[in-house]
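Here is a quick tour for someone opening this structure for the first time. Have a look around, then read on.

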Amino acid sequence: MKFNLISNKIAEIDVDTVILSCFLSDDSTNGLVHDTDVELNGSISEILSRGDHKGKLREVTEIYTSGQIPAHRIILVGLGPENDFNENCIRHAAAAAAIRARQLGASKIASIIHGVEQSKLSAKDAVRAATEGTMLALYVFDKYKSENKLGSIESVSFIEPEDIQSEDLLRGIEQGNIISNAVQLARDLVNEPPNVCTPAFLAERASQIDDDANTDVSILTEPEIEDLNMGAFLSVGRGSTRKPRFIVIEYNKKLLDKVQPLVLVGKAITFDTGGYSLKSASGMSTMKADMAGGAAVIGALQAAGQLKVPYPVIGLIPATENMVSGTASHPSDVVSASNGKTIEIVNTDAEGRLILADALVYAAKYNPKHVIDLATLTGSAIIALGEGSAAALFANETSLAEQLLTASESSGERIWRMPLYSEYTDWMRASNVADLRNSTEKRDSGIGTSAAFLQEFTEGYSWAHIDIAPMAFLSGTSVIKRLGPAGATGFGVRLLSHLMIEYAN
Ligand code: BES
Ligand code: MN
Ligand code: ZN
């Protein structure tokens with residue numbers, strides 16, 4: 001699918017489908033919608049005045065043109081209330097229109113840039129959001145299907161509004177493409193089955209990220225990880241025959257002497273059985289997605305390179321599998337992390353924090369400006385916020401939390417800040433045999449204690465932890481309007497990409 005710009009009048013554009021939009025309860029047409037309405041002898045204004053199309057967000061109505069203009073059909077999509085209009089409404093409207101266009105077998109599409117004539121949004125941000133919404137909605141993971149039943153759209157041409165710089169619009173399209181491709185990379189990695197997506201596979205795919213050659217990838221294998229004394233990380237993989245990898249992606253490494261980097265850390269458990277604290281069959285059913293934090297970091301580093309972010313960005317991904325076997329951890333084992341802290345493994349299913357502990361210690365070597373980790377860390381995050389509602393944000397510094405919340409607004413990826421109370425730390429320190437324990441008997445405080453555990457490994461830097469368990473992998477029955485099919489969402493890639501665009505270090 002290709003995106004470009006055209007400046008022709010709608011009555012002259014040689015496409016099969018034109019996408020137009022309107023706000024909730026728009027009773028009159030204006031701009032390009034009005035011009036098209038005139039060509040169609042008032043059929044759009046009639047649909048609106050009869051209330052057949054109300055303009056609710058994602059509502060779609062087709063109008064056939066009977067040869068009055070070259071396009072066979074118009075897809076009219078609702079933008080919702082004008083007062084609530086923002087970038088994310090554009091994503092959802094573009095998504096709904098694209099899905100309908102694909103159902104109808106459309107191939108060449110022209111689209112207005114939704115709301116740009118009426119709202120204060122910049123045309124660049126608007127066209128970026130439209131590109132994101134279109135690409136993300138049309139994503140499919142069908143590589144293992146013998147038959148591909150969905151049509152494919154060849155091109156989407158955005159109609160250039162008068163007096164808007166086309167360079168700005170082209171940059172918006174380019175950024176939208178970069179971000180969406182990075183989201184799709186993360187989705188592909190998460191959707192990939194766990195017999196294929198092993199730690200070695202993730203490392204291989206990380207080495208192949210497509211950028212401008214400013215990105216270096218190093219892969220550490222078990223002996224090298226042992227040399228780093230990452231006893232917490234290594235303990236998790238001991239039960240698996242698929243060996244761990246520690247993946248290090250360095251973008252703009254040459255600037256590291258002069259500029260403090262942003263360090264991104266992603267949990268990558270390629271399958272979480274729970275270990276000897278075994279999960280139930282249903283609890284295990286989506287655990288191929290337990291590497292979604294790592295996948296988001298790989299995607300974000302591809303985006304960093306392609307967006308040409310002006311400062312260094314480092315990705316650290318501990319990748320391993322949590323299995324049962326004669327060499328797996330017992331509940332009660334004590335392991336030692338790379339900062340020398342000892343941990344009693346009370347519950348082998350609280351493995352994410354063990355692998356992140358060593359990665360967070362490693363992050364300090366970079367003298368980072370900020371460290372942000374993403375992890376499908378707890379089921380409690382899902383209980384706290386709800387599947388598909390928001391990811392949980394923890395931060396030891398308010399300015400970093402605020403930057404992330406701003407990026408959340410513009411990217412449309414919702415996060416909600418949670419507290420780091422000192423009693424959570426006290427409970428995690430209450431082991432009878434070690435400095436820390438990896439879980440407590442207090443199930444009701446599972447999300448706060450998981451973050452407090454991680455905090456024990458974040459010496460001397462500004463840090464945020466995002467528990468993406470509620471958002472990484474959504475079931476078919478989820479009522480939340482998704483930008484894409486059920487399964488992997490690629491959550492975090494858009495958030496981090498928008499953070500990197502907005503935040504100039
Ligand atoms: N990967 C899971 C968390 C998870 C659960 C993510 C469901 C997505 C959906 C994590 O490793 C885990 O098992 N956490 C335990 C921790 C507990 C044993 C302290 C949990 O949340 O139940
Ligand atoms: Mn687990
Ligand atoms: Zn896990």
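## A buried threonine

A residue counts as buried when its relative accessible area is under 20%. Keep in mind that this is a predicted model. Threonine 348 has a relative accessible area of 5%, so it is buried. You'll find threonine 348 in the loop that runs between strand S13 (342–344) and helix H11 (352–363).

How far apart are threonine 348 and threonine 489 in sequence and in space? Along the chain they are 141 residues apart, and their C-alpha atoms are 27 Å apart in space.

## Around ligand 1

Now for the ligand. Ligand 1 takes up the space of the largest pocket. There are 17 residues around ligand 1, and the ones that come nearest are Lys279, Asp290, Asp349, Glu351 and Gly379. What kinds of residues make up the shell around ligand 1? Seven are charged, five are polar and five are nonpolar.

A polar side-chain atom of lysine 279 sits 2.8 Å from an oxygen atom of ligand 1. Lysine 267 also has a side-chain N or O atom 3.2 Å from an oxygen atom of the ligand. As for cover, ligand 1 on its own has 520 Å² of accessible area, and the protein covers 79% of that.

## A helix tucked away

Next, take a look at helix H16, which spans residues 493–502. Eight of its 10 residues are buried, so the helix is largely enclosed by the rest of the structure. Which residues of H16 are the buried ones? They are Val493, Arg494, Leu495, Leu496, Ser497, His498, Leu499 and Met500.

## Two residues with positive phi

Most residues other than glycine have a negative phi. Here are two that go the other way. Arginine 58 is not a glycine, yet its phi is positive, at about 80°. Arginine 58 belongs to the loop between helix H2 (43–49) and strand S3 (60–64).

Lysine 308 is the other case: its phi is positive too, near 55°. Lysine 308 lies in the loop between helix H10 (292–307) and strand S11 (313–322). Is lysine 308 buried or exposed? The cut-off for exposed is over 50% relative accessible area. Lysine 308 has 55%, so it is exposed.

How values were computed:
Residues are numbered from 1 along each chain as its sequence is written. Chains are lettered from A and ligands numbered from 1 in the order in which they are written. This is a predicted model: local features need pLDDT of at least 70, side-chain atom pairs count only at pLDDT 80 or more; totals for chains, interfaces and linings use all residues. Side-chain values use heavy atoms; hydrogens and water are left out. A residue is near a molecule or strand if one of its heavy atoms lies within 4 Å of it. A polar contact is a pair of N or O atoms within 3.5 Å; within protein, one must be able to donate a hydrogen and the other to accept it, and residues adjacent in sequence count only if both atoms are side-chain atoms. Accessible areas come from the Shrake-Rupley method with a 1.4 Å probe; for residues, only the protein chains shown count as cover. On a 1 Å grid over the protein atoms alone, a cavity is a set of points where a 1.4 Å probe fits but cannot get out, and a pocket is an open set with protein on both sides within 12 Å along at least five of seven lines; lining residues have an atom within 4 Å of a point. A molecule sits in a cavity or pocket if more than half of its atoms lie within 2 Å of its grid points. Ala, Val, Leu, Ile, Met, Phe, Trp, Tyr, Cys and Pro count as nonpolar, Asp, Glu, Lys and Arg as charged, and the others, Gly among them, as polar. Helices (H or I, at least four residues) and strands (E, at least two) are DSSP runs, numbered from the N terminus. Buried means under 20% relative accessible area, exposed over 50%, partly exposed in between (1.4 Å probe, protein chains only).
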